Every structure is written in structure tokens, then in C-alpha cells.
Amino acid sequence: MLSFLRRSYLNFSFMNPHYCCLSRNFSAALPPLLPVQLPSRMETHLWYVVPDEVKSAPLLSKYMELLPQYERDHVLGFRGDQLQKSALLARTLVRTTIARYQVDDHLDPRSLRFKRNIHGKPEVEWETKDGFCPPPLQFNISHTSSLVACGVTMNSLIGIDVEEKRRRTKNNILAFAKRYFTAHEVEHLNAIPDSELQQQEFIKLWTLKEAYVKALGKGFSSSPFNTFTIRASSGIAVETLDSPQNLTNNWQFALLELMGSHYVAICLERQETGGAGKALPIKLTARKTIPFVEDELVSGTNAVVTIGGSVTQF
Amino acid sequence: MAAASASSFIPLKPRPTPRVKLGAPQSFSFRRPALAPARLRISCVAKPETVEKVAKVVKKQLALPAETLVTGDSKFAALGADSLDTVEIVMGLEEEFDISVEEDSAQSIATVQDAADLIEELVRKKCA
């Protein structure tokens with residue numbers, strides 16, 4: 001087994017002479033993934049990995065082993081260590097996260113298969129076996145070089161987007177917004193006198209718009225950014241330009257500040273409402289993880305601060 | 001857990017990007033004659049030059065070193081472009097070539113060649 005692994009890594013410039021003994025230690029030491037109950041219909045689970053905290057080369061090799069060849073090829077297609085690492089962690093996070101829910105007794109992250117819907121949105125391809133009814137598990141991933149995140153729900157379509165708070169656009173914000181956002185959003189940004197705050201508001205808007213389109217799952221060309229407005233005055237709502245008087249009630253949003261450094265936007269298909277059509281808050285459980293190494297429940301701590309939308313963290 | 005951890009990620013070799021053959025048919029663009037037409041208006045640029053200009057805009061947006069190898073086959077995502085970068089690149093290309101790219105066309109751009117082909121088509125329509 002080990003020699004097979006060594007052969008398969010000849011394509012990497014991973015000619016570390018210490019690899020043999022490190023990997024032997026590591027392969028004996030890998031603990032199982034901590035299993036987790038599936039989210040209830042009303043819950044959203046957020047899992048994230050901080051790439052800078054994952055430094056062990058043997059651990060990263062182990063993650064690579066979880067992937068089928070075409071996903072390894074995809075990871076290796078990225079230019080440079082940092083991009084390859086966050087691509088690897090994105091695939092690892094989605095596979096290990098779904099595997100934790102123990103949907104099928106012996107679910108191994110390696111054995112998960114994925115497919116894309118007709119619009120290109122990734123989905124799990126569950127095995128068809130007698131007596132096995134696949135759960136309506138929905139997920140979406142997003143990553144930057146400094147954060148990889150995965151959102152999971154039961155039933156509710158979900159889109160998530162993460163971005164560094166300090167992300168700077170190369171173009172002037174208002175020029176960009178005039179080109180790609182709606183008039184209302186341009187007006188909203190234009191009204192912010194402080195350029196730093198304006199930049200942050202832009203990033204928040206961007207992540208919310210991305211999350212919405214990803215939740216819809218129909219591809220970006222079906223919902224160009226200038227065809228819908230995100231309104232974030234009291235609560236967050238989306239309004240499509242073709243029906244401006246009706247705020248689209250099917251979708252609810254959460255905007256989080258993670259670790260003081262990132263914005264995370266979550267868009268969910270609304271499942272149930274409270275009395276008189278009022279939306280119920282999003283019930284969020286957030287966990288930071290290094291798969292197979294450690295998991296930390298962070299919702300309700302200052303690592304995860306709700307800055308928009310109605311969210312209950314637990 | 002192994003005690004001797006590498007301080008940086010495994011140095012995985014990037015895959016070499018093959019050079020695009022000039023005049024090679026591309027599935028997503030119309031076929032071009034091998035030689036440029038005799039009447040050549042200044043604003044209708046030749047393919048290699050377009051690819052070069054696109055590469056320059058991409059490198060600038062992604063803050064890549066000037067010597068980074070970016071060819072027609074290079075995928076924006078593989079170079080590190082996320083969706084915001086891609087939109088900014090398209091905006092940069094609109095300015096560079098004085099064209100307007102529809103959002104659904106912009107979404108179909110995955111490689112430098114895709115962008116160059118789209119630009120050439122838009123510029124050709126302008127020249128015509």
C-alpha cells in the first residue's frame with residue numbers, strides 16, 4: 001500500500017526523503033471523523049478550514065488520498081502552492097463534511113461521488129441501492145486563499161460566499177458598481193462617505209449577491225448581477241428588477257463576520273415562516289475544523305458575529 | 001501526528017501549459033483563415049497580439065509577476081482568479097479594447113483564449 005502511494009506521488013515534487021517515516025507514523029495515527037447529526041429542516045451548518053493553520057505535509061498528502069484521480073488532477077491544475085492547497089482543502093472539506101453525517105453506514109469520504117445539475121451546480125450523487133433513500137442534503141462551498149467554507153442544510157437550497165474583509169478591487173468601486181450592480185445599490189454605495197467603509201459595504205454586497213446566485217443554482221448568466229437588488233436596511237432581502245414591488249420572499253440571508261477577517265454570506269431557500277408570513281431566523285451552527293485533527297464549535301463565540309439578517313447561533 | 005511538519009505546503013509541480021497553435025480550430029470560436037486579410041484596419045487586431053494583451057490584463061488583475069507564463073490555454077481559475085477577479089478582468093478588457101461584453105458572454109470565459117476569441121469577435125463586429 002505504501003509503495004503504491006509513493007508511486008502515485010512521483011508526479012508531485014514531493015521527493016522529501018523523510019516522507020516514508022512521516023507517512024507511516026501518520027497513517028497509523030489518523031483518527032476517524034467525528035460524526036455529526038444531520039441538520040434539522042430549520043438548521044444550517046457552516047464548516048470552515050483556515051488554510052494557514054493546516055501546515056503538515058503528511059496531513060495534506062492524506063487529504064490528497066481522499067480524492068479520486070480527476071479531482072487530484074483538478075487540484076494540481078492550479079498554479080502555485082497556495083492555490084493548490086486551498087483547492088485541496090475545498091475538496092477535502094466537502095467530502096469529509098458530508099461523510100460525517102453518516103448518511104449511509106459506512107460512508108467514506110473517498111467513496112462520495114459528485115455530479116452537476118443541468119446548470120452546473122455540484123450535487124452529491126448518492127448510490128442507488130435497495131432500501132436506501134438519499135437524504136435531501138444540500139451543500140455549497142466557497143473559498144479564498146485564506147478561508148474554505150462549506151454550508152449544509154436539509155432540503156433548503158443554499159449558496160455561500162466568503163471573502164476577506166480587506167479585499168480591494170483593482171477598479172474604482174463606483175465605476176465597478178455602475179457597470180455591474182443595480183442603480184439602487186450604486187446609490188447605496190455612493191452615499192457612504194468613508195472610502196474604507198464603502199469598500200467593506202461593496203464586499204458585503206458582492207458576497208450576498210454571489211450567495212444568492214449560487215443558491216439559485218442556475219448559473220450566473222441566468223441572474224446577472226444587475227437584474228436583482230440586495231436591500232440590507234432592516235434585515236436583508238432580494239428584489240428582482242422584473243418585479244420591483246415584490247421583495248422576493250423565497251430567500252433569506254445571513255451575513256457573518258468570521259474571525260474578524262472575513263465576510264460570509266449565506267442565502268437559503270425559505271422553508272417555513274412564522275405567523276403572518278414573518279420569516280423565522282436562520283438557526284446556525286458553525287464549526288471550525290481541520291479534518292481528522294480537530295473540530296471546534298464556534299457559533300455563539302466572537303469568532304462568528306452576525307452582522308446582517310436574522311440569525312440564531314447555537 | 002507527525003512532529004516534523006513542513007512549514008509550507010507540499011511543493012506540487014504546476015502542470016505545464018501547452019502553447020496554443022496559431023490557427024488551430026477552437027470549438028468555441030469561428031474558424032479564421034490562416035493569413036490576415038490584405039485590408040487590415042488598425043482596430044482589428046491579430047490573434048497572438050490579442051492573447052498577449054489579455055494575458056497582460058490578467059497578470060495585472062491577479063498581480064502575477066511579469067515573467068509568469070500565461071498562454072491561450074491558461075485558465076483564469078487556475079491562475080487564481082475568483083469570480084470577482086474574473087469580472088474585474090472583463091472590465092479591464094472592455095477598457096483595453098473599447099468593447100462591451102454581455103454578462104452571459106463573460107460567464108462563458110474560462111481561458112485566456114476564450115477571452116481573446118470573444119474580444120476579436122466583438123472588435124470584428126465593430127470594424128465591420
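Visitor: What percentage of the 128 residues of chain B count as buried?
Guide: This is a predicted model in which local features need pLDDT of at least 70 and side-chain atom pairs count only at pLDDT 80 or more, while totals for chains, interfaces and linings use all residues. Residues are numbered from 1 along each chain as its sequence is written, chains are lettered from A and ligands numbered from 1 in the order in which they are written, and side-chain values use heavy atoms, leaving out hydrogens and water. A residue is buried under 20% relative accessible area, exposed over 50% and partly exposed in between (1.4 Å probe, protein chains only). Of the 128 residues of chain B, the buried share is 44%.

Visitor: Which pattern does chain B follow along the sequence?
Guide: Helices (H or I, at least four residues) and strands (E, at least two) are DSSP runs, numbered from the N terminus. Chain B has four helices and zero strands. Its pattern, read along the sequence, is therefore α-α-α-α.

Visitor: How far apart are the end C-alpha atoms of residues 48–123 of chain B?
Guide: An unreviewed UniProt entry lists these residues as "domain: Carrier"; its positions are given in the numbering used here, feature names are shortened, and annotations may be inferred rather than shown by experiment. Over this stretch the chain is 61% helix and 0% strand, and the distance between the end C-alpha atoms is 15 Å.

Visitor: Which residue is the bridge partner of E257(A) in β10(A)?
Guide: Strands β9 (residues 251–258) and β10 (residues 262–269) of chain A run antiparallel and are joined by eight bridges. In β10(A), the partner of E257(A) is Y263(A).

Visitor: Which buried residues of helix α7 (residues 183–190) of chain A lie on the same side?
Guide: A183(A) and E187(A) are exposed on the other side of α7(A). The buried residues pack against α6 (173–180), α8 and β7 (228–231) of chain A, where contact means heavy atoms within 4.5 Å. The buried residues of α7(A) are E185(A), V186(A) and L189(A). They cover an arc of only 100° around the axis, taken from the directions from the helix axis to the C-beta atoms, which puts on the same side of α7(A) the residues E185(A), V186(A) and L189(A).

Visitor: Is T182(A) buried or exposed?
Guide: T182(A) is placed in the loop between α6 and α7 of chain A. Leaving aside residues up to four places away in sequence, T182(A) touches F225(A), N226(A), T227(A), F228(A), T229(A) and L241(A). With a relative accessible area of 4%, T182(A) is buried.

Visitor: How far from C267(A) is the nearest cysteine sulfur?
Guide: A disulfide is a pair of cysteine sulfur atoms within 2.5 Å, and the count over all chains comes to zero. C267(A) counts as buried at 0% relative accessibility. The nearest cysteine sulfur, that of C150(A), lies at a distance of 16 Å.

Technical notes: Two strands pair if DSSP finds at least two bridges between them.
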